[in-house]
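Work through the exercises below with the sequence and coordinates open. Try each task before reading its solution.

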Amino acid sequence: MTARETGPAGILYTNGRVFTGGEAAAFAEAFTIDGETIGWVGPQAEAPAARQTIDLGGRLVLPGFTDSHTHLLMTGASLGQVPLTDARTLDEIQRLLREARTAVPEAKDLRGRGWLFDAIPGGRPTAAMIDAAVADVPVFLDANDYHSCWVNTAALAVLGITRDTPDPLGGEIIRDADGEPTGLLLETAATQYAWAHRDATTTDADRDADVERVLDAYLAAGVTGAVDMAFDEYGLAAFQRAQDRRGGELPLRVAAHWLIENTGDDAANLAQVARAAELADSPSTPWLRVVGIKLILDGVIDACTAAMRHPYADGSNADPIWPPAQLDPVVAAADAAGLQVAMHAIGDHASRIALDAVENAIARNGERPRRHRIEHLEYAAPGTAERMARLGVTASMQPVHSDPAIFANWVAMLGDDRVDRAFAWKEYEDAGALLAFSTDAPTAPYDALANMYVASTRASALDPSVGAVQPQHALPLDRALGHATRDAAASVGDGEWRGRIAPGFAADIVVLDTDPFRAGEGSLLTTRVMETIVAGRPRYSADGSRAGGDG
């Protein structure tokens, strides 16, 4: 039955340019919202009667963005920390740290985020470098990729790290020629020491503030759904409290992957999978649910900790954090439990063993509905995309990680023709694999429109003066938007009911003040989100006129 046959629609939006997000780049002029869903979409001349009409004034309307790989609690926390990504020299970093310490003299520690290896002389940060700026309190600085933590001498003392502290499985405490810790913690050394200390010293009130901060930020960026890729007991409890504060709902849709750490013990690893399965089977809401597990198979190219088939430019290489003998049982168990498996694999060796694990799970568990994922795929060997399409594995990738303002160190670490196939999104399109775009905030800015700028130009959103690098890998804007809306929703199994502006789909919608299809991709850096609607209700308005409605 049509909207006319069922009576007046709820709200009719007219005089817009509506990007519907379908496989073909279709535009409409008007649509209706009936309760929490889209009722009708089409030409303005055919619009049904409605109880209320809103004139869009010619503005562009998009399906709401789904950030299909992010870290919500960490992003909320990062928004209150010292931002270091724009600091391109050690002097600048030290200046920012001094200013932050002076601004809050009563603070018992100092936390920063986003520093880049190529801002540090020789790419080798030391505790002494921070001590020169702030020595009286512990300082913890997460790298831009969040796979390393740089600390000062006071922090080493608080963490109890000495020359006798062993390296954890899958990580390294960097040491000088005499065996003394230098202040750089790589991979699991960062998580098991610096992050564990952070978790132990952060209060529930702190986490509640972090949640509110990230919810507000995402709604203002036009994000209506998020897939958290490192949920743990702290994050789950914090978002449950946020949901309770709103009478059982959140202002955006959160699907979570439970982080599984490689303990080196198969039984302990499988116990973590069992906990994730228990949570996935527990009563949930459309706003907060656990859908799968997350495994970090390797590190990052910038720190030479991603597992590669061939060595880095300096001759080094890295072993996977999850060797196949420990990875395969975990993936098979999660697959058997109906969990979605997401595997961080930046290097081509890591992506190969990830797909081997999926094939092993299929062989053990037989044919069944499944949609596993590989996260990042910054460099993957030829043929990887075709293998993923064949296995039904999603390519989860982050355009902002290819921003040319931070690309030079990545290139230098590989140093050969592998750099020509960096972030090769078209390969996954051509192979027919599902390609979902996201930001991986806080390792990169959460701004959805800036993400689309990098995707459609391969130029820098961090520094607009930096032109495109490898523009042959850029995607047309309509395809980039589809990967960040329709395909991002599909990446967690929601493709049949959200991610498009179509009848029966969730009324998750974003209104922009500029149309980048007409104004050009460069306008994405200045375009503003005017309104964000989730489940048919205004959740953000640039002028505050229709914001609110959290529950």
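**Exercise 1: a helix pair**

Pro324, Leu327, Asp328, Pro329, Val331, Ala332, Asp335 and Ala336 of helix 9 meet Ile353, Ala354, Ala357, Val358, Asn360, Ala361, Arg364 and Asn365 of helix 10. The model is predicted. Classify this contact by residue type, then describe the packing of helix 9 on helix 10.

*Solution.* 
- Step 1. Sort the residues by class: the contact of helix 9 with helix 10 has 11 nonpolar, two polar and three charged residues.
- Step 2. Helix 9 spans residues 324–336 and helix 10 spans residues 348–365; their axes lie 8 Å apart, at an angle of about 50 degrees.
- Step 3. Name the arrangement. Helix 9 is therefore oblique to helix 10.
- Step 4. Assign the hand. The crossing of helix 9 with helix 10 is right-handed.

**Exercise 2: a second pair**

At what angle do the axes of helix 6 and helix 7 cross?

*Solution.* 
- Step 1. Helix 6 (residues 204–220) and helix 7 (residues 233–245) cross at roughly 70 degrees, and their axes come within 9 Å.
- Step 2. An angle of 65 to 115 degrees counts as roughly perpendicular, so helix 6 is roughly perpendicular to helix 7.
- Step 3. The crossing of helix 6 with helix 7 is right-handed.
- Step 4. Helix 6 contributes Asp204, Arg207, Asp208, Val211, Glu212, Val214 and Leu215, while helix 7 contributes Tyr234, Ala238, Phe239, Arg241, Ala242 and Arg245.
- Step 5. By class, the contact of helix 6 with helix 7 holds seven nonpolar, no polar and six charged residues.

**Exercise 3: the cores**

How many residues are in the largest nonpolar core, and which have the most contacts inside it?

*Solution.* 
- Step 1. The largest nonpolar core has 129 residues.
- Step 2. Trp115, Phe239, Ile293, Leu295, Phe437 and Met452 have the most contacts inside this core.
- Step 3. Helix 10 gives the most to this core, with eight residues.
- Step 4. A second, separate core has 17 residues, including Cys149, Ala155, Leu185 and Ala190.
- Step 5. Take Leu295. Beyond neighbours within four places in sequence, Leu295 contacts Ile260, Trp322, Leu327, Val330, Val331, Val341, Ala342, Met343 and His344.

**Exercise 4: a loop residue**

Is Ala133 buried or exposed? Find its place and its contacts.

*Solution.* 
- Step 1. Ala133 sits in the loop between helix 3 (127–131) and strand 11 (139–143).
- Step 2. The cut-off for buried is under 20% relative accessible area. Ala133 has 17%, so Ala133 is buried.
- Step 3. Not counting residues up to four places away in sequence, Ala133 touches Gln94, Leu97 and Arg98.
- Step 4. Ala133 and Ala313 are 180 residues apart in sequence; their C-alpha atoms are 33 Å apart.

Definitions and conventions: Residues numbered from 1 in each chain as written. Predicted model: local features only at pLDDT ≥ 70, side-chain atom pairs only at ≥ 80, totals over all residues. Heavy atoms only, no water. Axes fitted to C-alpha atoms, helices over the stretch in contact; angles between N-to-C directions. Helix = DSSP H or I, 4+ residues; strand = E, 2+ residues; numbered from the N terminus. Parallel < 35°, antiparallel > 145°, perpendicular 65-115°, else oblique. Left-handed = near helix turned anticlockwise from the far one by under 90°. Contact = heavy atoms within 4.5 Å. Nonpolar A, V, L, I, M, F, W, Y, C, P; charged D, E, K, R; others polar. Core = buried A, V, L, I, M, F, W, Y, C linked by side-chain atoms within 4.5 Å. Buried < 20%, exposed > 50% of the residue type's maximum accessible area, 1.4 Å probe, protein only.
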